[in-house]
Amino acid sequence: MITKRIIPCLDVKDGKVVKGVNFTGLKEISEPVELGKYYSEAGADELVFYDITASVEGRKLFVDILTKVAGEIFIPLTVGGGISTLEDFDRVLKCGADKVSVNSGAIRNPELINEAACKYGNQCVVLSVDVKRVDGDYHIFTEGGRRDTGLSALSFIEAGIKRGAGEVVVNSIDTDGVRQGFDIKLLKAVCDISPVPVIASGGAGKIGDFTDLFKEIPDISAGLAASIFHSGEVKIKDLKKELKEQGILVRV
């Protein structure tokens with residue numbers, strides 16, 4: 001059995017960590033540097049840093065804050081937001097990122113995945129997708145969940161993996177911030193077509209949601225969450241203790 005990873009996510013807007021529901025109603029939570037350091041010391045397996053408005057605003061990711069976060073943590077760091085070129089990959093990797101997450105950039109230019117995988121290695125390229133149900137199908141959305149691209153999520157993910165993405169983060173817009181559990185049906189569908197690690201994102205509200213995730217989808221690699229960790233409702237140490245007691249392999 002593969003060791004399951006627990007990954008907190010920092011959604012950063014205007015230099016602050018924010019969180020909303022179904023990608024809307026964003027509220028400030030904390031300072032990213034302070035929060036990143038806390039998670040590094042609290043037992044998180046990795047940390048994800050998203051500059052969530054970089055693509056929408058058509059700008060580059062804020063590297064000053066990223067550099068400070070990277071300097072305070074001792075766990076792998078995945079960074080995304082406004083990644084559209086190889087130069088963007090290079091810039092954030094030089095700031096201390098271990099992996100680079102590409103979302104809208106890969107929709108506009110799918111070849112970016114090929115180019116980045118060739119230059120930096122598959123393990124460095126993370127394909128992040130924002131998915132929502134539309135008339136019974138799964139579609140890829142952009143612009144913070146506001147624009148339906150019309151692209152089939154499963155087909156897009158499959159193509160991205162063939163191009164060289166070494167990991168896939170599946171953000172379910174339908175369950176984001178609702179705290180009623182991960183989108184099991186969607187995640188199963190993705191795992192069925194993915195030979196690379198899949199990370200579940202969107203919907204965690206309690207420890208039991210992670211237990212359900214890993215038991216119902218043994219092939220899932222990791223669970224990602226934000227608000228329940230930021231608020232302190234769920235401590236990573238307590239979560240891992242429960243998972244271990246449930247027979248789920250985690251790093252403690």
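Residues are numbered from 1 along each chain as its sequence is written, and side-chain values use heavy atoms, without hydrogens and water. Because the model is predicted, local features need pLDDT of at least 70 and side-chain atom pairs count only at pLDDT 80 or more, while totals for chains, interfaces and linings use all residues.

Select helix H8 (residues 207-216) and helix H10 (residues 236-245); helices are DSSP runs of H or I with at least four residues, strands are runs of E with at least two, and both are numbered from the N terminus. The two axes come within 10 Å and cross at roughly 40°, with axes taken as lines fitted to C-alpha atoms over the stretch in contact and angles running from 0 to 180 degrees between N-to-C directions.

Now show the side chains: Ile-207, Phe-210, Thr-211 and Phe-214 in H8 meet Asp-238, Leu-239, Glu-242 and Leu-243 in H10, contact being heavy atoms within 4.5 Å.

Rings of Phe, Tyr and Trp (its six-membered ring) pair if their centres lie within 6.5 Å, and the count is five aromatic pairs.

Next, select strand S8 (residues 137-142) and strand S9 (residues 147-152), which pair in the antiparallel sense over three bridges; pairing needs at least two DSSP bridges. His-139 stands opposite Ser-152 in S9. Between the strands of this hairpin are four residues, and Glu-143 takes a positive phi near 55°.

Key: Phe/Tyr/Trp six-rings, centres within 6.5 Å; stacked < 30°, edge-to-face > 60°.
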